[in-house]
Amino acid sequence: MSLSRRGFIASAGAGVALGAAVGAGAQAYADSSEPVDAVDLSTSYDFYTGSHQVGIATPPQRHCIFMTFDLVAGATSKDLQVLLATWSAAIAQLQAGRTVGQMEPISLSAVATDTGEAYGLSTAGLTVTVGLGPGVFDKRLGLAAHRPKLLAPLPALPSESLDPKLTGGDLSVQACADDPQVVYHAIRDLARLGRGVVEVGWTVMGFGRASAGAEQSTPRNLMGYKDGTRNVSTEAQRAEFVWVDDDAAWAAGGTYQVARKIQMDIEIWDSATMQTQHEVFGRTKVAGAPLTGTREFDTPDFHATAGGKPIIDPDSHVALASPENNRGLRILRRGYNFTDGLNEAGQLDAGLLFIAYMNTPEAFIRLQTKMGRSDKLNEYITHVGSGVFFVPPAPKPGHYLAEQLFG
């Protein structure tokens with residue numbers, strides 16, 4: 001990662017006071033006790049790390065596009081091999097702030113190989129992370145013997161209502177950056193390079209990260225609550241819960257990716273009382289503190305009672321997701337908010353693009369099975385999109401993603 005002061009911006013959230021309070025009780029946006037939320041648009045990440053792909057442990061950027069692709073009928077393992085080699089070279093260029101080809105060919109009769117909309121912009125911390133779906137290892141391509149041992153479609157889970165148009169995928173591409181145009185350019189040009197081999201499946205455009213990374217203050221989801229206070233954040237935790245180390249040699253250092261599109265019934269949520277919202281999350285809204293504490297990072301006390309009842313409802317979001325109540329289980333969350341405008345009923349069509357990384361999909365299945373059955377948040381959300389992928393390790397210079405699959 002390179003860092004410089006060129007292109008540095010500090011968000012308006014830091015140190016900004018409201019010019020005029022909008023009614024009694026208005027609150028300043030920023031808490032002076034929290035770290036300044038700032039980004040350096042000149043940040044760049046090397047693609048050829050030779051270990052883990054970036055975009056997983058990398059501190060979440062402000063924008064994300066998640067896109068799935070399906071292999072076209074008749075695609076072969078050779079086609080996939082060439083695509084992954086082509087994408088690897090292109091991603092390395094994009095993350096370095098370069099084009100993937102000529103924007104303006106010498107011949108006016110030629111078609112440009114780069115669409116050009118990010119030309120002149122900073123790298124903005126772009127990361128592109130590629131995953132392989134279960135379909136890559138079915139009978140079509142002859143790669144079944146190389147299937148990561150835990151990669152399989154997710155089972156049906158409680159309380160989900162999946163749209164087939166938002167489910168599955170042979171490949172996934174997660175592009176994240178602090179400039180939305182840089183993200184869009186990367187996804188657009190990779191999709192162009194894949195034509196003839198893959199076709200676009202389902203897509204979610206995310207903004208306003210909804211999970212914290214190391215050294216980042218905890219962001220908020222569209223329900224206004226801090227999201228990811230207890231996220232996996234250290235290398236020791238990632239070694240224990242994220243990176244795969246007991247699979248085939250080609251998969252070592254990879255990880256499993258679960259993506260879910262979660263619809264929020266925002267109008268219903270906005271009409272809920274403060275007490276109800278606190279009970280649903282098990283935390284306060286402004287500080288993000290557990291209901292048994294006063295500060296965000298206080299450890300929740302799930303045994304504390306008041307008036308004979310648990311202070312934190314056992315069916316609250318924090319109680320059901322907590323490692324203390326799941327035999328220490330953790331997953332690395334990398335979520336983003338999304339909005340698709342208005343739905344057919346004229347209500348806000350928005351929610352959470354939930355992306356998580358783990359060394360076994362069973363971790364997500366266990367958590368979501370439990371939460372899907374009794375989470376008080378279920379009254380306000382619906383899981384409508386879903387996919388699971390294996391994210392191979394990053395190649396070394398001179399090589400490409402999942403190269404060992406084709407040896």
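Student: How many salt bridges does the structure hold?

Tutor: A salt bridge is a side-chain nitrogen of Lys or Arg within 4 Å of a carboxyl oxygen of Asp or Glu. By that criterion, 12 salt bridges are present here. The model is a predicted one, in which local features need pLDDT of at least 70 and side-chain atom pairs count only at pLDDT 80 or more, whereas totals for chains, interfaces and linings use all residues. Residues are numbered from 1 along each chain as its sequence is written, and side-chain values use heavy atoms, with hydrogens and water left out.

Student: Which residue forms a salt bridge with Glu-117?

Tutor: The partner is Arg-188, with the closest N and O atoms 3.3 Å apart. Glu-117 lies in the loop between helix H1 (77-95) and strand S4 (127-132), and Arg-188 in helix H2 (residues 180-193), so the pair ties together parts that are 71 residues apart in sequence. Helices (H or I, at least four residues) and strands (E, at least two) are DSSP runs, numbered from the N terminus.

Student: Is Glu-117 buried or exposed?

Tutor: Buried means under 20% relative accessible area, exposed over 50%, and partly exposed in between (1.4 Å probe, protein chains only). Glu-117 is buried, at 17%, while Arg-188 is partly exposed, at 37%.

Student: What does the salt bridge between Glu-324 and Arg-230 tie together?

Tutor: Its closest N and O atoms are 2.6 Å apart. Glu-324 lies in the loop between H6 and strand S10 (332-333), and Arg-230 in the loop between strand S6 (198-209) and helix H3 (235-241), so parts 94 residues apart in sequence are tied together. Glu-324 is partly exposed at 41% relative accessibility, and Arg-230 is partly exposed at 27%.

Student: Where do Asp-313 and Lys-376 lie?

Tutor: These two residues form a salt bridge with a closest N to O distance of 3.8 Å. Asp-313 is in the loop between strand S9 (309-310) and H6, and Lys-376 is in the loop between H7 and S13, so the pair links parts 63 residues apart in sequence.

Student: Which residues lie nearest the centre of the largest cavity?

Tutor: Of its 36 lining residues, Asp-227, His-317, Ala-321, Arg-333 and Met-371 lie nearest the centre. Elements giving two or more residues to this lining include helix H6 (317-321) and helix H7 (361-374). H7 supplies the largest share, 4 residues.

Student: Which part of the chain does the UniProt domain annotation cover?

Tutor: The UniProt annotation, from an unreviewed entry, reads "domain: Dyp-type peroxidase C-terminal" and covers residues 218-394. UniProt positions are given in the numbering used here, feature names are shortened, and annotations may be inferred rather than shown by experiment. Over residues 218-394 the chain is 22% helix and 25% strand, with the end C-alpha atoms 28 Å apart.

Methods: 1 Å grid on protein atoms, 1.4 Å probe; cavity = no way out; pocket = protein on both sides within 12 Å on 5 of 7 lines; lining within 4 Å.
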